[in-house]
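Dear colleague,

Please find the structure below.

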Amino acid sequence: MDGNESAPRFPLPSEIADAPGAEGWRSMYPYFTRFQPEDDQRFWFYNSMHFPEPMPAFDTVTAEVPYSAIGANTARVFVFPTTLGIEHRIVNGRVYITAIPVTDPEEIGRRAAIFGERAAHYYENWDALYEGWKLRMRALIGEIESITVPELPEFEDLEVVTEARGVAQNHYVRENFHRCIDLFSKMWHHHTEMLMLGYGAYVVFFQFCQQAFPEISDQTAARMVAGIDVIMYRPDDELRKLARIAVQAGVDDLFTEGCSPDEVLAALADRGSAGQTWLAAFEQAREPWFNVSTGDGFYHHHRSWADDLTVPFTALPRYVAQVRDGSLADRPTEALRAERERIATEYRELLVSEEERGAFDQMLGLCRLVFPFVEDHKFYCEHWFTSQFFGKIREFGGLLARFGVLAEAEDVFQLHHTEIDQALSDVMLAWAAGGPPLGAAHWRPIVAERKRMLAALRDWSPPPALGPVPEALNDPAVRMLWGVTQQTIEAWLRPDESAIRGFGASSGIVEGPARVLTDVNQIGEVRDGEILVCPVTAPSWAPVFGKIKAAVSDIGGSMSHAAIVAREYGLPAVVGTGDATKRIRTGQLVRVDGDRGIVRVIG
Amino acid sequence: MESSGAPTRLVREIADLGAGDLASAGGKAASLGELTRAGLRVPPGYVVTAKAFALAMAALDPDGLLRDEIARLPADDLGAIGRAAAGVRARITAAPLPASVAAEVTAAHGRLGAGAAEVTAAHGRLGAGAAAVAVAVRSSATGEDSAEASFAGLQDTYLGVGGLDAVLDRVRACWASLYNDESVAYRRRLGLPEDGLGMGVVVQRMLSPRAAGVMFTRSPVTGDRSVVAIEATWGLGSALVAGEVTPDSFTVSKVTGEITGRRVGSKLRLQTFLASEPGVTAVAMPIEMRGRPCLTDDEARTLARVARRVEEHFGSPQDIEWALLGDDPAFSSLHGETADRIMLLQSRPETVWAARGRSPVASPQPRASDHILSRLGKPL
């Protein structure tokens, strides 16, 4: 290194200036998310994968609760030997995180003894435990779905008296709101219950592959693991099925590009038994499969198909057209399975001895055992449960709006959950006393100011990392979950302004015109051979994968659904870029390098 | 594979050779024969066998006195080695070929030229005449061990040789290269005998490839056997072998065809063969080609597939020289599939990593989950 030049470094947390126009950002977030002076001594990185946008105050619950659950699982429940939990901080609306490692060998040894016994119990009984997990998660989903938001009518129902309930509805305003938050917390505890161990199996197998095959990519190791029959494919499969039924029943003429879900559903009701056949199939598919989020469950504005039917109704016309011309194919599951086996078998044969092959079989077997959970938990947790959760919070927003505390229901997401607690107390008191709540004067200006600040915070470019450059960053969990390695840090230190960096999720290099979509409702705009640039590729985006040349997303990791689907389709993909949707414009010629995780605008 | 044909033949077709002909034809020629047998493409040609070399040496040093003199030189007297070696080289290059050798080379060369003339005639071009076919004349060492393999690099190769007389000259020049100062010094340092020395000389149709280079069926950097490592430059591979360019490099998974490493080199020099000029034409690389990859991903993957076939044929990791044809009219019948445009020029066993080996990175555990503990239970 040139002695005259100071080594590149990241800004310290204390050096970050407030984003212009959003100087009051701190008022949106709780004190325990603020950087402290001593945090300057530690390395932090921006979790753009999960939080690519500035955080609305309520949405910080999707950091607070998961990190509370993850750390509990790794540090306290399973006692992972080399890691405690993850700390998070918010600056200018962005979430930065750091893992707390355990480095003292004696301490590692003490923890390892406990970890061994506890982890083995889960691995040895994985399938049975996963069955039980699904039942518990279905029960939690049932609970969140059953929560009601009290209407607070002028007079209570007669039954409150005749059944001697003794408790008025305003009590349940708070109790039920708390239950939403509590159930969300429980859901996240169950989410991490098996996930960290699942990732542990991946980490160990990936490490083994890297030692045995130093040139292997994580993507290839992932292809040996990937399960074929996982429920995350179901929502898209259901759409294909509905397209077939539409053609069989002869109602396919209703599914045209740009069709309105309401109009189509109304028209179907007038189409006699054919219409009824389709509507019955639709109702069956809808519950639970339309509870799939258009995002990944970390922001309130990621709505589900059930919330907004335009997404499935944008995909349906395309599938209907494919049924008509005979080109609609199911996922080639047998071919995918055969290819996965071929890859695993050929790598296995390249190992040096039968001894090594025996170890490979055990580790790969363990990965395949945990894979269904690791892939499917997202449907139960981030999609199904979380869609319901945000829906309930929106209903509480509706209550606050009805009482005039907020201008509209959606504004509830501008308040931290503890602030919603206060606003609800206000409403509870006002309903009881018979006077107006005082919140309108208090909260409405706050909401307006926060919306303004969030808009200003969007213009701030968060540094990829803060604090001293670590000597070595080999944390397997950080690498597996966030794709952050020593090379990533090197690239962050020497930014290449023309390169948009993410995580290479599926290999290959292609060039093509970009199609930037900020909303899954726009998938009808995608043309053959374009490169899809989108915020996040959840299963809702599946219908376009047959059309595009490559995929680029703001959010995602190497085992993300988008990555798995892109590998199945053999499309290059770069995920987790943070801001590709802002830096690329539709029509620009881009080059996607799925090996190195780089996207460039070339014309 | 056993030797075919009469071992005493002075000249043999490459297509007739196999691994069993190593001692009589040299490693390069034998490997080209094996590649042909494996169904891979090799430029057509013939080999002037070690028997021909022995005949020539018997003629100019009938009692072996010259070679005894060299064998007695002290390894550290580079001055004496230089003088003696120069003397031998002068004798070899000045002596006419034994008549039997000259006759067989002339006949083989005629057949090679006739083949080329047929190809060109079939494409509506005038045959250039049998004797005028351009060839590469390459030494083919007969030693077997790995020391000989690196030693082989000291021996000569002549590209773009046109005309029978020039070929006969270059055959003698290849023989003389056994007596390069470095080769002699090397043999003296190791105390190798002088009398068992032999060499084949390969004569093959000259190519004018679009790109060429080397490839290894394992990573030369990490020893990883799951990949093929390719180095490539525009034009003839000689620019790469001579270190005149920083080649493009590709690392391709043998299993998935995924390109896990890709670096575009700075290719500042270009060596080509022009049918109108003898030898190799070396020029500055045109600016627009310097930083442009000389292979497409698809070509790199196809090369890797070919490399894998070579490795499977020989049963061990290989170090391969290759060329990718572009618009060479003489080979235009081969256009179409990328695989059909790949010509192999040599394959030899990879020696560096083969000698190192690797111990297993893990062994089976009583329970599969024990792997998790044994790895996650250690400091990172």
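**Domains of chain A**

In this predicted model, the centres of domain 1 of chain A and domain 2 of chain A, taken over C-alpha atoms, are 27 Å apart. Domain 1 covers 233-292 + 316-330 and domain 2 covers 498-601; such bounds come from an automatic or database domain assignment. Nine residues of domain 1 of chain A are in contact with six residues of domain 2 of chain A, where contact means that the C-beta atoms of two residues, placed from the backbone, lie within 7 Å. On the side of domain 1 of chain A that touches domain 2 of chain A, helix H7 (234-249) and helix H10 (310-324) of chain A each supply at least two residues. The largest share, three residues, comes from H7(A). Helices (H or I, at least four residues) and strands (E, at least two) are DSSP runs, numbered from the N terminus.

**Chain B and its contact with chain A**

Chain B has 14 helices and 13 strands. The contact between the chains takes 34 residues from chain B and 46 residues from chain A. Strand E8 (248-253), strand E9 (259-263) and helix H14 (370-376) of chain B each supply at least two residues of the side of chain B that touches chain A. H14(B) gives the most to that side, with five residues.

**Conventions**

Residues are numbered from 1 along each chain as its sequence is written, while chains are lettered from A and ligands numbered from 1 in the order in which they are written. As the model is predicted, local features need pLDDT of at least 70 and side-chain atom pairs count only at pLDDT 80 or more, whereas totals for chains, interfaces and linings use all residues.

With kind regards
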